[in-house]
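Subject: Structure for your review

Dear colleague,

Please find below the structure that I am handing over to you. My notes on what was found in it follow directly after.

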Amino acid sequence: MIMVEGEVSGKKYREPFSKGVLARSLTRAEMDPNKAYTFSSQIEAQLKKDGVKLIKLDDLVNIVRQRLKKEDSEIAVQYGLWKRIRKCQDPLVILIGGSSGVGTSSIAFEVANRLGIRNMISTDMIREVMRKIASKDLLPTIYESSYTAYRSLRIPPPPELDEVLIGFRDHVDTVSVGVEAVIERSITEGISIVIEGVHIVPGFIREDLVSRDNVHMFILTLEDEEVHKGRFYSRCRQQWARRPLERYMNYFGAIRRTHKYFESQANKYHVPVIENIDITTTIESIIEDITKTYGSEDHVTETEG
C-alpha cells in the first residue's frame, strides 16, 4: 500500500493513496471523469513500479503536474490553480450577484464544485430566515421580490425618482445585514463559501469585509434583453413553473432596471462585471480573477493540508 504524508496546522498525517481522490481533483481541473480515473491509475502504477511506499503530498502533486504538462498543458494549468487555492490558509468567500434570471445560482454551483467548496447559500435563503424573525410591519420590503419591493414602501417616493430602484435598494440594504453576518461567520470559522443572489450588490456590504484578499465579488450580466428573457423561459419550462414565468414577464421591465443598477454600482466600486453567455467562460473568468490575489505566496501554507 502506498501512503501519502500531508500536514495540517503543523501536524503530519498519513493516509492511503486514493485513485478516487486524485481523479476528483483532476475533474475539478476540467478533465473528463473517465480520463481522470485512467490518469490516476497510471500515477499509481508509476509509483508502484518505482517502489514507492511513502510519498509526501507535495511530491505527489509535483509528479501529477509534471505528467499533466506532457499530456495536457491546459489541464496542468487548471490543476495548478486549483492546488494553489486549496493551499491557502484563509477561507475563500465568493460573492456572485446579478438581477433575477442572469444565472447567479448556476454559476455559483459550478464555481463551488470546481474549487471544491462545500458550502453555498442563496441570499434568498438568508431573506427567508430574516422574514421569520422580523414581521412584515417592521420590514415590509423583504416580503416582496427584489423587483417588486417598491410596492411595500410606506412613503411613496417623489415622481422624479425611480420607485423600482428605491424599493430595490431598501430591500437589498435590509438583506445585506444577513449577508454580512454569513461572511463574518465564514471568516471567523475558517469556512470557505459561495454566496449568490440578487442581494449581492456593490456598495451595500461593508467595505472592511469586501476589501479582504480572500473575499471576492462578481456581478453577472446579460446585455441582450431577449437572451435574458430566454433564461426565464428555460427556467420555467416545467408545467408547475408557468405562473412564475408570467410574473417574471410582467415585471421584466423592473428586472432590467435593477440589472442596469447592478452594472452602475459595479463600475462605481470597481467590481468585475461578467457577461454570462457561456458558462465555461464565466467560470474561468471568475477563477482567473480570484487567483490574481488569493493563492499567492503570502496566503499559502508551506505544505498542503
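In this predicted model, strand β6, which spans residues 193-197, is mostly covered, with five of its five residues buried. I193, I195 and G197 point to one side of β6, while V194 and E196 point the other way, and all are buried.

Strand β4 (residues 93-97) runs parallel to β6 and is joined to it by five bridges. Within this pairing, G97 is found opposite G197 of β6. Strand β5 (residues 120-122) is also parallel to β6, and three bridges join them. Here M120 has V194 as its bridge partner in β6.

I turn next to a pair of helices. Helix α5 (residues 104-115) packs with helix α12 (residues 279-290) at an angle of about 55 degrees, and their axes are 10 Å apart. On the α5 side, the contact is made by I107, E110, V111, R114 and L115; α12 contributes I279, T282, I283, I286, I287 and I290.

Yours sincerely

How values were computed:
Residues numbered from 1 in each chain as written. Predicted model: local features only at pLDDT ≥ 70, side-chain atom pairs only at ≥ 80, totals over all residues. Heavy atoms only, no water. Axes fitted to C-alpha atoms, helices over the stretch in contact; angles between N-to-C directions. Helix = DSSP H or I, 4+ residues; strand = E, 2+ residues; numbered from the N terminus. Contact = heavy atoms within 4.5 Å. Buried < 20%, exposed > 50% of the residue type's maximum accessible area, 1.4 Å probe, protein only. Pairing = 2+ DSSP bridges.
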